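Hi there,

Here is the model I promised to pass on. Have a look at it first, and my notes on what turned up are below.

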Amino acid sequence: MSPPCGSGIYVSRGVALLSAGLTVALLLALVALAALYGNCAGVQPSEQHIPGVTDTASTPPGGQEQARPTGTPEAAHEPVVATTSQDGRPLSGPWNHSRLPPWLVPLHYDLELWPRLWPNNLSYTESVTFTGRVNITVRCTVATSRLLLHSFFLTYKQAEVWGPLTLGTRNATVGRVPVDNVWFAQDTQYMVLDLGQVLQPGSRYELHLGFSGQVLQYISEGLFLDLYTDQGQLRGLIASQMEATFARTVFPCFDEPALKATFNITIIHHPGYTALSNMPQLGQSERIDVNGSRWMVTTFYTTPRMPTYLVALAICDFDHVSRTERGKEIRIWARKDAIANGNVDFAMNATGPIFSFLEDLFNISYSLPKTDIIALPHFDNRAMENWGLLTFDESSLLLEPDEELTEKRARVLAVIAHEVGHQNEIFFFNFLHGVLREDHSQESRTVSTNVENFTETNEIKELFNIYTYHKGACMARMLCSFLSQNLFISALQSYLDTFSYSNAEQGDLWRHFQMAIDEQNIIHLPTTVKSIMDSWTYQGGFPVITLNVSTGVVKQEPFYLEKTKNPTLVSHNNTWIVPIFWMKNGTTQPLVWLDRSSMVFPEMQLSDSDSDWLTLNFNMTGYYRVNYDELGWKKLNQQLEKDPKAIPVINRLQLLNDAFVLSENNYIEIETALDLTKYLAEEDEILVWFEVLVNLINRDVISDVNNYAIYPLLKKYLLKRINSIWNTCSTLIRKNVAALQDNYLALLSVEKVFETACWLGLEDCLQLSKELFRKWMADPETAIPHPIQRVALCNGIALGSVKEWDFLFSFYVNITKKEEERGSRLIPAMCCSKEPWILNRFMAYVVTVNPNPFNKTNVIEAVAASEVGQYVAKDFLLNNWATVWERYGPESVDALVWVIGRTVSTDLQVMECLQHWLLPGCYFLRRHHKRMNGCRIYNKPSGSEGDESSAWMLCAVTCGWMLFRQSPPPPRENSDVKDSSTFRLIFRAQENLQMKRTDCQA
């Protein structure tokens, strides 16, 4: 059979194949969503009933969208006459359902929108309104005297129905259909027109509607205003976000994805602005309003058939850059400053090749004549794939030309880098790693959801989440793995070609994959594609696959959080149809299928030979975790110590990730996971080190280990193993840091290795930090490489004197507004000093000097985050409580209570805190009474509010006291960490302390 796709750990590919792998996966998730979306409809808030057509508004926006049921018009029936209320409004009918009745099919919209935005008068932006007109051509499929369409938060001045139209003509001699009443349905966001005559099936009609509405601010829904600063001036723009169900807040429409139509869009705007929409500009003219003001009227070419949620527009005074790709113009629009600074160049250079590659991959030409991409200063949704006008939050698109090593560049490179070899690892970190952490079988959320029973529009918006996108992408990758990439792409091409400009269901997608399977005889499946994929998309969570290597028995069970400690686990009788790619003794094996709860695979039995081993989920293409019996884990551990590179990088990542997660959730002992780390001295892949370190050296471990004297043991264990990978990293940092700029995954990892090495006290790391800091002091234009900047600055201050601290403080105070983001990294570094008097001076400055440049940061909390600073901050708070309270307020101080509690370890310290701690008011008691009850050591005193506040302090301080007094005695400093057994003490202590801490905190 064909090899599984995505074996990028062996082959280096460029932007094309990287984009292919990720785009194909995302495409399937989106296609599945579109298929599901084609089966749903709109629901939720309410609109007021109004007699006739008067100036009446519906309720405020907040809903989303659903799609329309499939079925022929002949199957639809005219509504039965309903019982009416006392005011004449029917009590029941299709307006009570979430789906539009299939009586009318929209064919075309003539839409005109006129937002009243002036560039020189932005002081009244909270009252920006718009007016509009829309003529909707519809075809009647069932005789009806009542029309329903979506409308939300719009006021109407005109509602007319004309027809029937003569095919091919739209003239003034067409008759007018009387409109007896217009009213709005509760909760389902429908506008209802009661007509004076019946519309005839097969005939076409035109709805003429005049309306007005509010341009929103502070939320990116419908038509919204975005205020920003450009070239030193306040500016404003208007943009749209119609997905999921916000089109109805901009214009009355049939707001379901299956109801596609063509659009002629006209935008009226101030002459100082540029108008953009889905299609190229057709023409411009002028219009004079009743006040004599001049406006520009911009019209656009007719769109292809598309759903309402893809309608897009923007009105702005941005600049743009452009390029031509295969005869199609691509423009990126952004703030004038951003264009002038070259912030869009990186995205501009990458966009064209991606478009070309996708055209070649799917053998489908991009159907629009142009593509506009606009970088909005503030956009809640990060990005939206409107046809012809893609909208981005500028933080997801713009890049400083000199930001060679930023995390932002790393995120962009995840999709459009020119040379990335580790495709599987990219997918692991970008998609699989995150969603596997979130997903579990107590979570009922599935990839595919039946929306027929939705009763609120907000439920539709919840479909756009990590399960739809990331888990959907993982499903696509798994499907690709057992079909082969060629078959996968071929089936997608057939599917896209068949359903272009039309609607599809999830079953249609599976049918095209099945057709591709049936047309060949190389790949054989245990059942249909639909049966396999439905077992994954229609149930939540994922399985744990457990192999007993002595017997060859493989079983599956749902993955639960905290498996053995959770008393509320529900029964889970369903199984998944699981494709298992596997490797034995370094050789890939034929695919096997686990379609029952337990099966025996004799070929998976292992002998007693030290060279006999195997690993399941080769290349980690399956959406599941893998567990082994004790012998299976032991053999993998032996192989890692003997020859780790016999196991591919992606599977070394998988082994460690699975082991730590399974131990965390009580499937295996922590020793099993820790045993896998003993080989690390031979590990030269920084990605694998990153996975180990994020599990071993997290924030809680760092904080607690510093307090339990276990630090020397952990230091000794890791320093024996980290030297090799440290030498690789330090050489890159010292000699050729620019070599990392296109290595996305190395960017993720190098900071963690650097931070850990310095935290462990590796002398070379500390010296490198001092060296980088002093070079930067001598020449501030010589920036410290971004991935290690935070750690290097911190260590530069911790290892330096007051000279280094004063330099950093002065640098921050004089930083320009443009560099504020960079400056935010300097505050934690200033808090790394080990000199108590410097930290005290810093805190005194920020709470007494007003104004000061640290207004947005709780510096005391930052100081308290360090090992030395937590004690300094505690004393400072006890001595300056009233000033701190006044400076930061109760919300910020709330976080500091726990910091103080953690520093208390003796009865004397408890009493010291209580003597000094008299909080004004009973804020904390009222806010945290549940926390106090959780401590179980608190007896609520009677009396004044001050007594109540002291009671809360007693709880907080004593909780910290309990945690640290109950910690196990530290191991002797001269004990040698020769295996992971000592680590068990460390991690079990961590678990116990964390549980107690959770009791007090939560």
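A polar contact here is a pair of N or O atoms within 3.5 Å; within protein, one of them must be able to donate a hydrogen and the other to accept it, and residues adjacent in sequence count only if both atoms are side-chain atoms. This is a predicted model, in which local features need pLDDT of at least 70 and side-chain atom pairs count only at pLDDT 80 or more, while totals for chains, interfaces and linings use all residues. Residues are numbered from 1 along each chain as its sequence is written, and side-chain values use heavy atoms, with hydrogens and water left out.

**S277**

A polar atom of its side chain lies 2.9 Å from the backbone oxygen of A312. S277 sits in strand β14 (residues 274-277); helices (H or I, at least four residues) and strands (E, at least two) are DSSP runs, numbered from the N terminus. S277 is buried, at a relative accessible area of 1%. Buried means under 20% relative accessible area, exposed means over 50%, and partly exposed is in between, using a 1.4 Å probe and protein chains only. Leaving aside neighbours within four places in sequence, S277 is in contact (heavy atoms within 4.5 Å) with I265, I267, F300, A312, L313, K370, G388 and L389.

Strands β19 (residues 328-334) and β20 (residues 370-376) run parallel and are joined by five bridges; two strands pair if DSSP finds at least two bridges between them. They belong to an open sheet of five strands in the order β18-β19-β20-β22-β21, with mixed pairing. Its edge strands, each pairing on one side only, are β18 (319-325) and β21 (383-384). Helix α3 (residues 345-362) packs on this sheet and touches β18, β19 and β20, its direction making about 35 degrees with that of β18. For those angles, axes are lines fitted to C-alpha atoms, for helices over the stretch in contact, and the angles run from 0 to 180 degrees between N-to-C directions.

Not counting residues up to four places away in sequence, H320 touches R331, I332, W333 and I339. H320 and K336 are 16 residues apart in sequence, and their C-alpha atoms are 8.0 Å apart in space.

**Around β24**

Five of the six residues of strand β24 (residues 543-548) are buried. Six bridges join β24 to strand β25 (residues 553-558), and the two run antiparallel; V544 has E557 in β25 as its bridge partner. The hairpin of β24 and β25 has four residues between the strands, and G552 there takes a positive phi near 80 degrees. β24 is also joined by four bridges to strand β30 (residues 625-628), this time running parallel, with Y628 in β30 the bridge partner of L547.

Helix α12 (residues 649-664) is largely enclosed by the rest of the structure, because 15 of its 16 residues are buried. Its 16 residues should span 22 Å at 1.5 Å a residue, and its end C-alpha atoms are 23 Å apart, which agrees; the expected span is 1.5 Å times one less than the number of residues. In the loop between α12 and α13 (670-675) is N666, which has a positive phi of about 70 degrees although it is not a glycine. N666 is partly exposed, at 23% relative accessibility.

**Other backbone points to check**

Q189 is another non-glycine residue with a positive phi, about 65 degrees, but Q189 is buried at 0% relative accessibility. The peptide bond from G163 to P164 is cis, with omega near 0 degrees, and P164 is in strand β5 (residues 155-165). A cis peptide bond also joins E243 and A244, with omega about 5 degrees. Most residues other than glycine have a negative phi, and most peptide bonds are trans.

**The whole protein**

The protein has 31 helices and 30 strands, and buried residues make up 56% of its 1002 residues.

Best wishes
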